[in-house]
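This briefing covers one protein chain, topic by topic. Please keep the sequence and the structure in view while reading.

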Amino acid sequence: MAELSDVLSKVDRLLDRLDHFIPPLPPQTQWDADAFYWCSHPRGGYLEAVDNPHHIPLDALQNVDRQKQAILRNTAQYAAGKPANNILLTGSRGTGKSTLIKACWYQHKNAIKLIEIDKPDLKDLGQLLTILAKRPERFIVFCDDLSFEEGEHHYKALKSALDGSIRAPGDNILFYATSNRRHLLPHKMSDNLETEQVDGEIRPGDSMEEKTSLSERFGLLLTFYPFRQDEYFAACEYWVEYLGGQWSDEVRAAALRWSMTRGSRSGRVAWQFARDYVGGAGV
C-alpha cells in the first residue's frame, strides 16, 4: 500500500506540472448577446460576447444611398428567413464600408447576430461554421479589410465556405466583408502572360482565374467611390451639427483646409474634422 501511495503521489505531482503547460478550456459562449468576436484558442476557438457593439445611425452615412439600400434590402430578406446573398463591399478607404454593414445589421439585431472574425483567423472558419450550423439563431459573419498577399492561404477556407465545399454553410449563416481591393488577391503583370487567344476569344490563365474566383463567390458586390467636394462638405455639415456645432462659410473653409492636409475626401475625414473642430477652439 505504501508503494501504491507513493506512485499516486508522483502521478499527482506530474499532473500538477502538466497543468502549467496545458491551456484551460475556452469559455462558454453567452448566446444571449447580440454580437460576438471570434477568438483563436489553443484548444479550439470561441465566441466572445461584445457588450456594446459599435453603432452609428444610418442617416450619418452620407453619399452611399444606393449601397445602403442594397445592404438593407438583403439583410431584411435574410432576417425574414428568405434567400439572401453574401456581400462584398470594395472601394475607396474611409467611405463607410464597415460602418454601413454594422449599421444595417443593427436595424435587424433582434433577428440576426453579428460575428466578427479577423483575416488570420479564417483558418478556424470550418470550426466556426460547425458551431453555428447547430444553432437556431441567424448569423452574419463579418470580416473587415479582407485582402490577401502572395503566399497567404487563409482565403481558401473562405472560398470553400462561400461556395465549393461539400459541407455547405447552414441556411442561418451569411458572409459580409469589406476590402479596399476589387480583387481580393494581388494581380501581377506576369499573370497576364498566361492569357491565351483561342479562335479570337481571350481566355485568362489559371492564375488570373484563381485570383478572381474568390470575389465572384460573393453574390452581391458593391463599390464605394471617393467623395466629390460637395459630398465631402455635406458629410462635414452633418457631423458638425450632429456634434453640436453650427455650419457656416468659415467652417466650410476650415473643412477644406483639413481635407487638403489629409490628401483625401471621405466620410471618415469629415467625421475626424468635425470632432477636431467642435471639440476644439471652433465652438
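In this predicted model, the cover over the buried residues of α10 includes α8 and α9. The buried residues of α9, for their part, pack against α8 (229–242) and α10 (267–279). The chain as a whole contains 10 helices and nine strands.

**Helix α10**

- Gly267, Val269, Ala270, Phe273, Ala274, Tyr277 and Val278 are the buried residues in α10.
- These buried residues fall within an arc of 155° when α10 is seen down its axis, so they line one face of the helix.
- An α-helix has 3.6 residues a turn, so residues three or four places apart point the same way.
- With 13 residues at 1.5 Å a residue, α10 should span 18 Å, and this agrees with its end C-alpha atoms, which are 18 Å apart.

**Helix α9**

- Helix α9 covers residues 249–262, and its 14 residues should span 20 Å at 1.5 Å a residue. The distance between its end C-alpha atoms is 20 Å, in agreement with that expectation.
- Val251, Ala254, Ala255 and Ser259 are buried in α9.
- Down the axis of α9, the buried residues fall within an arc of 140°, so they line one face of this helix.
- The other side of α9 carries the exposed residues Asp249, Glu250, Arg257, Met260 and Thr261.
- Gly263 follows α9 and has a positive phi, near 65°.

**The sheet**

- Seven strands make up an open sheet with mixed pairing, in the order β2-β1-β4-β5-β6-β3-β9.
- The edges are taken by β2 (46–50) and β9 (220–224); each has a single partner strand, so one side of each has no neighbour in the sheet.
- From one strand to the next, the twist averages 25°.
- Strands of a sheet pair through backbone hydrogen bonds, either parallel or antiparallel.
- Strand β1 (residues 35–39) and strand β4 (residues 112–116) are a parallel pair, joined over three bridges.
- Across this pair, Tyr37 stands opposite Glu116 in β4.

**Helices on the sheet**

- Helix α4 (residues 125–133) packs on the sheet and touches β1, β2, β4, β5 and β6. The direction of α4 makes about 140° with that of β6.
- Helix α3 (residues 97–106) lies across β1, β3 (87–91), β4, β5 (138–143), β6 (173–179) and β9. Relative to β6, α3 runs at about 155°.
- Thr99 is a residue of helix α3. Thr99 has a relative accessible area of 17%, which is under the 20% limit, so Thr99 counts as buried.
- Leaving aside residues up to four places away in sequence, Thr99 touches His54, Ile56 and Leu61.

**Salt bridges**

- How many salt bridges does the structure hold? There are seven.
- Side chains of opposite charge can pair when their charged atoms come close.
- One of the salt bridges links Lys109 and Asp34, with the closest N and O atoms 3.8 Å apart.
- Lys109 is in the loop between α3 and β4, and Asp34 is in the loop between α1 (2–19) and β1, so this pair ties together parts 75 residues apart in sequence.
- Both partners are partly exposed: Lys109 has a relative accessible area of 21%, and Asp34 has one of 28%.
- Asp121 and Lys123 form another salt bridge through their side chains, at 3.6 Å from N to O.
- Asp121 counts as buried at 12% relative accessibility, whereas Lys123 is exposed, with a relative accessible area of 51%.
- Glu231 counts as buried, at 15% relative accessibility.

**The chain overall**

- The chain has 283 residues, of which 41% count as buried.
- Among contacts in the chain with a separation of 6 or more, 73% are between residues 24 or more positions apart.

Note on methods: Residues are numbered from 1 along each chain as its sequence is written. This is a predicted model: local features need pLDDT of at least 70, side-chain atom pairs count only at pLDDT 80 or more; totals for chains, interfaces and linings use all residues. Side-chain values use heavy atoms; hydrogens and water are left out. Helices (H or I, at least four residues) and strands (E, at least two) are DSSP runs, numbered from the N terminus. The expected span of a helix is 1.5 Å times one less than its number of residues. Buried means under 20% relative accessible area, exposed over 50%, partly exposed in between (1.4 Å probe, protein chains only). The arc is that of the directions from the helix axis to the C-beta atoms. Contact means heavy atoms within 4.5 Å. Two strands pair if DSSP finds at least two bridges between them. Axes are lines fitted to C-alpha atoms, for helices over the stretch in contact, and angles run from 0 to 180 degrees between N-to-C directions. A salt bridge is a side-chain nitrogen of Lys or Arg within 4 Å of a carboxyl oxygen of Asp or Glu.
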